[in-house]
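Some notes on the model below, for your file.

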Amino acid sequence: MNLAQPDRQALHAFARAMPKAELHIHIEGSLEPELIFALAQRNGVALPYPDVEALRAAYAFTNLQSFLDIYYAGASVLLHEQDFFDMAWAYFLRAKADNVVHAELFFDPQTHTDRGVPFAAVIDGLHRACVQAHDQLGIRAELILCFLRHLSEEAAFATLEQARPHRDKFIGVGLDSSEVGHPPEKFARVFAAARALGLHAVAHAGEEGPPQYIRDALDLLHVQRIDHGVQALNDPELVARLARERIPLTVCPLSNVKLCVFKDLAQHNLRELLRQGLVATVNSDDPAYFGGYINQNFVETLDALGLDAAELVTLARNSFEASFASDAVKAGYRARLEACCREHGIAA
Ligand code: ADE
Ligand code: ZN
């Protein structure tokens, strides 16, 4: 192997082997069609598709909303604590295979509580899987509660109230669902209340929405990371600020293509984000719907954009920097990344 310029196969192997953090994964978006059908049968839920193939064939999206409609329908099979555990455990097994060492999982409680599922069933099942992921797989896993932005501020406050007795089981709040028409300002007060509880704050912004939503997420919600944020490049002043303040972006390349944010991966701006000095990371978003888990995102993106080994290392390093792990834990992750670089003959 030429160590200075690894060939494509060696680069793939390195990308797969790198220890990495996943910071943008909706756990409901990891629900594979096979598990949807298994849970539907277990829980006696009728699905509007005859089989797995028919469901998968419906995964042809034109924008975010066309995806969300199917995504919320898929989540309707989740009823009991064990269902939430099984879903998260299936994700952790996949994450382990992709050398994810740290995962911060989004979950959407309102999708479930609005159907009558107790909040405790949701968070207890997910939390039990997180504990087991740490004990059995060596993955540090945390939960981030997302408010659905198409619902009201009042509903978000009610959800935060339901979550309060479970404060020790999640580390932060996020904001997801239909972006355009639901600006960050709608949730300024509930984010302030969450931050007062010592919770971290993140928000989807600049996925389909304008750069102004990214500014507002920073200034009104005081978020520590921006989820997606790919529209930032349309605003050079904002890019300069994100770089200066080292605000991470949790980018999801396959998602952006599936939801028609970019025409194809070759058009994706991930490499440009890195070149402009942004703390960009690679993530899977909703891997069961968008064609792959985190390593698939890495491998397809590196091929399409011609990323080199140094850019891959930067992406993995960024994922640790952007995580909510302690400084000591982050130092341990960086050491593992450096060891992986040495093993693969790549300069750290
Ligand atoms: N919920 C699940 N995936 C999402 C995405 N990509 N954007 C907004 N909300 C989501
Ligand atoms: Zn997302």
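Predicted model: local features only at pLDDT ≥ 70, side-chain atom pairs only at ≥ 80, totals over all residues.

**Cavity lining**

1. The lining of the largest cavity divides into 5 nonpolar, 4 polar and 5 charged residues. Here Ala, Val, Leu, Ile, Met, Phe, Trp, Tyr, Cys and Pro count as nonpolar, Asp, Glu, Lys and Arg as charged, and the others, Gly among them, as polar. Helix α4 (residues 64–74) gives the most to this lining, with 4 residues.

2. Residues are numbered from 1 along each chain as its sequence is written, and side-chain values use heavy atoms, with hydrogens and water left out.

3. Helix α5 (residues 81–97) packs against helix α7 (residues 119–137) at an angle of about 35°, with the axes 7 Å apart. Axes are lines fitted to C-alpha atoms over the stretch in contact, and angles run from 0 to 180 degrees between N-to-C directions. By class, this contact has 14 nonpolar, 4 polar and 4 charged residues.

4. Thr-111 lies in helix α6 (residues 109–113); helices are DSSP runs (H or I, at least four residues), numbered from the N terminus. Thr-111 is buried, with a relative accessible area of 11% (buried means under 20%, with a 1.4 Å probe and protein chains only). Beyond neighbours within four places in sequence, Thr-111 is in contact with Tyr-72, Ala-75 and Leu-148 (heavy atoms within 4.5 Å).

Definitions and conventions
Chains lettered and ligands numbered in written order. Helix = DSSP H or I, 4+ residues; strand = E, 2+ residues; numbered from the N terminus. Buried < 20%, exposed > 50% of the residue type's maximum accessible area, 1.4 Å probe, protein only.
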